[in-house]
Amino acid sequence: MRGLMFLVVVSLLATPVTAAEEVLTWLLHRPLQKAPRGRYNARDLSVVVASSSSSSSSFYDPYQDLRLCNSDRVCERREFCDQHYGVCRTRVKAGQHCRRDAMCGRDLDCLSGVCQERVEPGSEGARCRKEKDCGPDMCCARRNGEYVCQRRLPLGHKCYVPEGGPEYAINERCPCQMGLICKYTSPEPPPRNPAEFWATYEHMRCVPPSHSPHAS
């Protein structure tokens, strides 16, 4: 330690007076903090923030009057803990953006990044994990990246789906209803030119497995 202080003094002697004063000021007034270990509460957070306020007082803080938090349990009944900013905020209303269910008000769920009315389990639009979570004539497929119950496609409905890739992973489509398959229904062969993709899309329909494009 003495050797370190000796080196500091020597370096200060070789430094211009103005710069030396700045270094001494930093050494004498730099905040000494210890990071909290394990879980912490709002009181712990306020101590840490207060100890460093001198270095950040020049920044505008839109959340300076809000309660600090690290979990929803710290907040009031109609609030949630926004862990990105470490403060309790009022829950948002239907139609407003959200990141998780706790951000939304009563009887609302966060679906596709928006607070929406809660849907009865098993019905169309309800969250699901497996096929059995949905009602009859439905499947569990992703819509805007989130698994929800969707209707299977009826007879004659367009049924084209991409082979895979990001587009399909974000928005899946249920298969045709039981007893139907997705089939190309035009008497003309599908176009090979990618620019005429719409023609293939239009002719992919839900039909019985025995369907023949030449049948009357």
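Let me start with Tyr 160, which at 25% relative accessibility counts as partly exposed. Partly exposed is the class between buried, under 20% relative accessible area, and exposed, over 50%, computed with a 1.4 Å probe on protein chains only. Tyr 201 is also partly exposed, with a relative accessible area of 27%.

Before going on, a note on the source. This is a predicted model, where local features need pLDDT of at least 70, side-chain atom pairs count only at pLDDT 80 or more, and totals for chains, interfaces and linings use all residues. Residues are numbered from 1 along each chain as its sequence is written, and side-chain values use heavy atoms, with hydrogens and water left out.

Back to the tyrosines. How many aromatic pairs does the structure hold? The number is 1. Its rings belong to Tyr 160 and Tyr 201, with centres 6.3 Å apart and planes at 65 degrees, so the pair is edge-to-face. The rule takes rings of Phe, Tyr and Trp (its six-membered ring) with centres within 6.5 Å; planes under 30 degrees apart are stacked, over 60 edge-to-face, and the rest tilted. Tyr 160 is in the loop between strand 6 (146-151) and helix 5, while Tyr 201 is in helix 6 (residues 197-203), so this pair links distant parts of the chain, 41 residues apart. Helices (H or I, at least four residues) and strands (E, at least two) are DSSP runs, numbered from the N terminus.

Next, the disulfides. A search of the whole structure finds 9 of them, each a pair of cysteine sulfur atoms within 2.5 Å. I will take three.

Cys 98 is joined to Cys 110, S to S 2.1 Å. The torsion about their S-S bond is about 100 degrees, so this disulfide is right-handed. Cys 98 sits in the loop between strand 2 (87-90) and strand 3 (108-111), and Cys 110 in strand 3, 12 residues apart. Both Cys 98 and Cys 110 are buried.

Cys 128 is joined to Cys 140, S to S 2.0 Å. The link of Cys 128 and Cys 140 is right-handed, with 95 degrees about the S-S bond. Cys 128 is in the loop between strand 4 (114-117) and strand 5, and Cys 140 is in strand 5, so the pair ties together parts 12 residues apart in sequence. Cys 128 and Cys 140 are both buried.

Is the link of Cys 176 and Cys 206 right-handed or left-handed? With -85 degrees about the S-S bond, the link is left-handed. Cys 176 and Cys 206 are both buried.

Now the cores. A nonpolar core is a set of buried Ala, Val, Leu, Ile, Met, Phe, Trp, Tyr and Cys residues joined through side-chain atoms within 4.5 Å. The largest has 8 residues, among them Phe 80, Val 92, Cys 98, Met 103 and Cys 110. A second, separate core of 7 residues includes Leu 153, Cys 159, Cys 176 and Tyr 184. In soluble globular proteins, nonpolar side chains tend to be buried together.

Last, Arg 143, in strand 5 (residues 138-143). Arg 143 is partly exposed, with a relative accessible area of 34%. Leaving aside neighbours within four places in sequence, Arg 143 is in contact (heavy atoms within 4.5 Å) with residues including Ser 112, Gly 125 and Val 148. Arg 143 and Ser 112 are 31 residues apart in sequence and 7.9 Å apart in space, C-alpha to C-alpha.
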